[in-house]
Amino acid sequence: MAKNKKEKPETFTYEDKEYVVQDMEQEEQAYYFHVRDLQNKLNTNAFTGDQLRVAQEAFVKKLTDSLNAEPEEVEAEVEA
């Protein structure tokens, strides 16, 4: 099935000016794609960092709870 609509060219706005990526010089396009890729990686790493912090807090809590448990509770947990 043929597409009847033309695809809209990729654009981005920088300092209140809109740019069409396909109209930029090849070197400028490369810079743009690097910036876009780095921003995606920063976003992904921030998300992953949040997950790791929450997981670390959970393990710290488990360790703290275990260290503060009464000796009988610890023995019962080990036997189970």
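In which element of the protein chain is confidence lowest, and in which is it highest? The model is a predicted one, and its mean pLDDT is lowest in helix α2, residues 71–79, at 68. The highest mean, 98, belongs to helix α1, which covers residues 26–68. Over the protein chain the average pLDDT is 91, and 86% of the residues reach at least 70. Where pLDDT is low, the predicted coordinates should not be read in detail.

The elements can be followed from the N terminus. The protein chain has two helices and two strands, and their order is β-β-α-α. Strand β1 spans residues 11–14 and strand β2 spans residues 17–20, with a loop between them.

That loop deserves a separate look. Most residues other than glycine have a negative phi. Glu 15, which is not a glycine, has a positive phi of about 50 degrees, and this residue lies in the loop between β1 and β2. Asp 16 is found in the loop between β1 and β2 as well; its phi is also positive, near 65 degrees, and Asp 16 is likewise a residue other than glycine. Asp 16 counts as exposed because its relative accessibility is 80%, and the cut-off for exposed is over 50%.

The last step is the surface of the whole chain. Of the 80 residues in the protein chain, 6% are buried. The accessible surface comes to about 7,900 Å², and carbon and sulfur atoms account for 54% of that area.

Notes
Residues numbered from 1 in each chain as written. Predicted model: local features only at pLDDT ≥ 70, side-chain atom pairs only at ≥ 80, totals over all residues. Heavy atoms only, no water. pLDDT = per-residue confidence, 0-100. Helix = DSSP H or I, 4+ residues; strand = E, 2+ residues; numbered from the N terminus. Buried < 20%, exposed > 50% of the residue type's maximum accessible area, 1.4 Å probe, protein only. Areas by Shrake-Rupley, 256 points an atom, 1.4 Å probe, with all protein chains shown as cover.
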